[in-house]
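Visitor: Please take a close look at the aromatic rings in this structure. I would like to know how they are paired and what sits over them.

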Amino acid sequence: MEQYDLFVIGAGSGGVRASRMASAMGARVGICEDYRVGGTCVIRGCVPKKLMVYAAEYRDAFRDAQGFGWGSTTPGFDWAAFIANKDKEIDRLNGLYLQTLGNAGVTLHNGRGRLLDRHTVEITGHDGMETIRADKILIATGGWPVMPSVPGIEHAISSNEVFHLPELPGRVAVVGGGYIAVEFAGIFHGLGARTTQLYRGEQILRGFDREARDWTAQEMLKKGLDLRVNINVEAIEKKQDGLHLALNDGTVLVVDAVMYATGRNPNTAGLGLEDAGVKLATNGAVVVDDYSRSSAENIYAVGDVTDRIALTPVAIKEGAAVAETLFGRGPQTVDYRDVPSAVFGQPQLASVGLTEEDARHTYQEIDVYKSTFRPMKFTLAGREERSLMKLIVDRASDRVLGAHMVGPDAAEIIQGVAIAIKCGATKAQFDVTVAIHPSAAEEFVLMREPVKQAKAAE
């Protein structure tokens, strides 16, 4: 029976980072994975999704080119060719992750891990079963799509299957209002499918700044995407002419495919965690302390399986902190304040820090700065799309509390702004920063007069 200082269940971004760092610090490390090394983000999440976003953006780009003097021919889209190229890139990244583990001296076990007790892991793979022992164990199994109990739900797909569709559906319904739903609605629409997004809430992208949410929805509608809120699917029936979605407003929507993006739960089922004394939340998440340690003192957990902030870069930082805590500099925590995030929809939305609503409830007085404009590129292209930028400022200290953007390159721009906000930059420091002209990003240092001034919980 093999013995490890650290054994990791789940070879996604967080698990791989923790394992290779721990190994570099002198620990004997093993890791198991029952799918492909790289996790949700690399294999069937962020990376292939971003490639699909790029593909979807070309339709508008070809149209825009005409305004800049290029020919009017728009090439046809070849779904099969794109999927083949996407799969080739994912294979390449999977190979790099395997190489990273090998170079770091981490032993990979192909199979699904299950705890027999606090120190024993049973691994079931295609080649049989094996058992290992470890002093410390890290759970990094990520999340899994949740499919609701709707009659006919077996005809729907999730964000797992969407990357492997044999052909591009002509008519698509995307159910959900979070970032995955918004992104895939934009992807399908951009690739030419007749797309309807259905959300049971009153507005998409709950948790983001309300004005940014409204702006995003407005721009999606302007692009021709059929976005419907306050609506839900009551049943799905497969008929000869497609899938018939019975909606709660009494209408029926007929599509060729329906994708559910209604949330993900921590992937802890069947891991034997309860038997090892690991406390789980009601949704199956591993309950951890500030150091990612579970109720079993030698068992840790990072990433989406803990249901903290479900972002790949956060999982990576959590994995690094666990490695340092156990084998490096000593106890390390992750700072969850001002974590930037982005929705790669059409248009993009990116954000860092407090929303206007949260700031109103936290600070006595705030100032809100806003800029709306049509991006320069769209003037000759003839597009009427407009961008939104916002800064939320604490009036007492002049510190910038949050930044929000809807429009082209929002993620790239907010990443730079996030550094300033993380460092506690003030509005005065934004003001004295020289603008890069002409650019969209310059608007963040050119806003001079607040458009709103609000007191706490106004």
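Guide: What follows is about the aromatic rings. The model is predicted, so local features need pLDDT of at least 70 and side-chain atom pairs count only at pLDDT 80 or more, while totals for chains, interfaces and linings use all residues. Residues are numbered from 1 along each chain as its sequence is written, and side-chain values use heavy atoms, with hydrogens and water left out.

A pair of aromatic rings is described by the distance of the centres and the angle of the planes. Rings of Phe, Tyr and Trp (its six-membered ring) pair if their centres lie within 6.5 Å; planes under 30 degrees apart count as stacked, over 60 as edge-to-face and the rest as tilted. This rule gives 7 aromatic pairs. One of them joins Tyr4 and Phe7: the ring centres are 5.6 Å apart and the planes are at 40 degrees, so the pair is tilted. Tyr4 is buried, at 1% relative accessible area, and Phe7 is buried at 0%. Buried means under 20% relative accessible area, exposed over 50%, and partly exposed in between (1.4 Å probe, protein chains only).

Tyr4 also has a charge over its ring: the charged end of Arg28 is 5.0 Å from the ring centre. For this, NZ of Lys or CZ of Arg must be within 6 Å of the ring centre and within 35 degrees of the ring normal. Lys427 likewise has its charged end over the ring of Tyr369, 4.3 Å from the centre.

Elsewhere, ring pairs link Phe77, Trp79 and Phe82 into a cluster.
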